[in-house]
Amino acid sequence: TAVSLHYLGAVPADPAVERSVCRRQLLLAGAPNSPAAQAIQDVATKLEALARTQSELRFRPTCSTAGQ
């Protein structure tokens, strides 16, 4: 089975990540405007669009008028 990989982006090194871990706080909640949080949001948006596209391609109904 072939696997298709899509590059969705990279998350940069960001001190906000360490601060969030030390505080046990979600990065996107505690530092939503940090470079890492923005990159994660960008990757998530791209992943959602890709999943939607793949789902639409995979689950297209095949309608048949035979027998009607």
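This is a predicted model: local features need pLDDT of at least 70, side-chain atom pairs count only at pLDDT 80 or more; totals for chains, interfaces and linings use all residues.
Residues are numbered from 1 along each chain as its sequence is written, and side-chain values use heavy atoms, with hydrogens and water left out.

Leu28 lies in helix H2 (residues 27-30). Helices (H or I, at least four residues) and strands (E, at least two) are DSSP runs, numbered from the N terminus. Leu28 is partly exposed because its relative accessibility is 38%. Buried means under 20% relative accessible area, exposed over 50%, and partly exposed in between (1.4 Å probe, protein chains only).

The table sets out accessibility for some residues.

| Residue | Relative accessibility | Class |
|---|---|---|
| Leu28 | 38% | partly exposed |
| Ala36 | 0% | buried |
| Thr45 | 52% | exposed |
| Arg52 | 44% | partly exposed |

The largest nonpolar core has five residues: Ala16, Leu27, Ala31, Ala36 and Ala37. Such a core is a set of buried Ala, Val, Leu, Ile, Met, Phe, Trp, Tyr and Cys residues joined through side-chain atoms within 4.5 Å. In soluble globular proteins, nonpolar side chains tend to be buried together.

Ala36 sits in helix H3. Leaving aside neighbours within four places in sequence, Ala36 contacts Val11, Pro12, Asp14, Val17 and Leu27. Contact means heavy atoms within 4.5 Å. Ala31 touches Ala16 and Ala37, again not counting residues up to four places away in sequence. Ala36 and Ala10 are 26 residues apart in sequence, yet their C-alpha atoms are 8.8 Å apart.

Helix H3 also holds Thr45. From Thr45 to Leu8 there are 37 residues in sequence and 9.2 Å in space, C-alpha to C-alpha.

The structure holds one salt bridge. Arg52 pairs with Glu48, with the closest N and O atoms 3.6 Å apart. A salt bridge puts a side-chain nitrogen of Lys or Arg within 4 Å of a carboxyl oxygen of Asp or Glu. Arg52 and Glu48 are four residues apart in helix H3 (residues 35-58), so about one helical turn separates them.
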